[in-house]
Amino acid sequence: MHVSSGRWVYGLFLASLTALLWGILPIKLKQVLQVMDPVTVTWFRLTVSGGCLLAYLAAVGRLPRWRVLGPKGIWLVPISVCGLVGNYVLYLMGLNLLSPGTAQLVVQMGPILLLIASLFVFKERFSLGQGLGLLVLLIGFGLFFNQRLSELLTSLSDYTAGVLTILAASAVWTFYALGQKQLLSVWNSLQVMMVIYLFCALLLTPWAHPLEALELNPLQGWLLLACCLNTLIAYGAFAEALAHWEASRVSATLAITPLVTFVAVAWAAWLWPEYVQAEQINGLGYGGALLVVLGSALTALGPSLMAGLRARRQRIAAG
């Protein structure tokens, strides 16, 4: 079983860096999607990231060995590939219809769906703390959508379609996460990401239009490159954070990602109003966003919080 190094300050820094990079990503993607289609943008991100990992692992002599997977493990690769491809493409399709902040908030359902799936696949336990976190998260979503709740429930507008598409992206992401979790038992995180990224790019190649990149203006071209590097650096920082800090605390830190997006959108809309539009959300909606973040953090920290509470009660009883 993996044990963190205990360098929690370094782990906190890496987790915060991941949240920052994931938080600003939809703002950059929104600009690139004005010219390029979601499949092509995803193809570029996966090709560049997978190519960089391939070059690095080949240079250090740590390319993954397929024989260690065995006949059952080999099926985990296509499951993970299809899950990640679906997540990336569906997320960008939804982002085309929503604001960056809304898209980033709705995608918080991904870890929640993974938690529910893990109850059945890995027979994991669902603690009282996690149940409380889930309740807070659902209340937060209700408050966040207070201005457009009737639209979501009664009509299939672009806004509703965008929310449903992001939810679908979160749902298929669970297949990737479950497959990756099993693959990490035989390969390290960089090997897993390299294989999945390259196979995802290969799968998308027939539908990708790389020449669309020539239609980007200089700013959009740099933003596309930044999106590609974001994919590589953010996931690398995330994997390294897990090596130095407990997974529950890393996940709780990443729950602030939507807040990073809202702050970044407000800042970018103030500096570059011709490129970025401010979020159209009232005070109740922002309060709901805070509850979603709080609920996500409680869900991640639930087991450790309950374990700490039980240990404290035992010390009191023994004393």
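Predicted model: local features only at pLDDT ≥ 70, side-chain atom pairs only at ≥ 80, totals over all residues.
Two packed helices are described by the angle between their axes and the distance between the axes. Helix H4 spans residues 76–95 and helix H10 spans residues 189–204. Their axes come within 9 Å of each other and cross at roughly 65°. H4 is therefore roughly perpendicular to H10, since angles of 65 to 115 degrees are placed in that class. The crossing in which H4 passes H10 is right-handed. On the side of H4, the contact is formed by Val77, Ser80, Val81, Leu84, Val85, Tyr88 and Val89. H10 contributes Val195, Ile196, Tyr197, Phe199, Cys200, Leu203 and Leu204. By residue class, the contact of H4 with H10 comprises 13 nonpolar residues and one polar residue, with no charged residue.

Helix H4 also packs against helix H2, which covers residues 38–59. The axes of H2 and H4 come within 9 Å, and the crossing angle is roughly 130°. An angle over 145 degrees would count as roughly antiparallel and one of 65 to 115 as roughly perpendicular; H2 is therefore oblique to H4. H2 passes H4 in a right-handed crossing. The residues of H2 in this contact are Pro38, Val39, Val41, Thr42, Arg45 and Leu46, and those of H4 are Leu84, Tyr88, Val89, Leu92 and Met93. Nine residues of the contact of H2 with H4 are nonpolar, one is polar and one is charged. Leu84, Tyr88 and Val89 of H4 take part in the contact with H10 and also in the contact with H2.

Val292 lies in helix H14, which extends over residues 283–318. The relative accessible area of Val292 is 0%, so this residue is buried; the limit for that class is under 20%. When residues up to four places away in sequence are not counted, Val292 touches Leu105, Gln108, Leu137, Gly140 and Phe141. Val292 and Met109 are separated by 183 residues in sequence, whereas their C-alpha atoms are 9.6 Å apart in space.

A search of the whole structure identified one salt bridge. In a salt bridge, the side chains of Arg148 and Glu151 meet at a distance of 3.0 Å, N to O. Arg148 has a relative accessible area of 34% and is therefore partly exposed, whereas Val292 is buried.

Terms used: Residues numbered from 1 in each chain as written. Heavy atoms only, no water. Axes fitted to C-alpha atoms, helices over the stretch in contact; angles between N-to-C directions. Helix = DSSP H or I, 4+ residues; strand = E, 2+ residues; numbered from the N terminus. Parallel < 35°, antiparallel > 145°, perpendicular 65-115°, else oblique. Left-handed = near helix turned anticlockwise from the far one by under 90°. Contact = heavy atoms within 4.5 Å. Nonpolar A, V, L, I, M, F, W, Y, C, P; charged D, E, K, R; others polar. Buried < 20%, exposed > 50% of the residue type's maximum accessible area, 1.4 Å probe, protein only. Salt bridge = Lys/Arg side-chain N within 4 Å of Asp/Glu carboxyl O.
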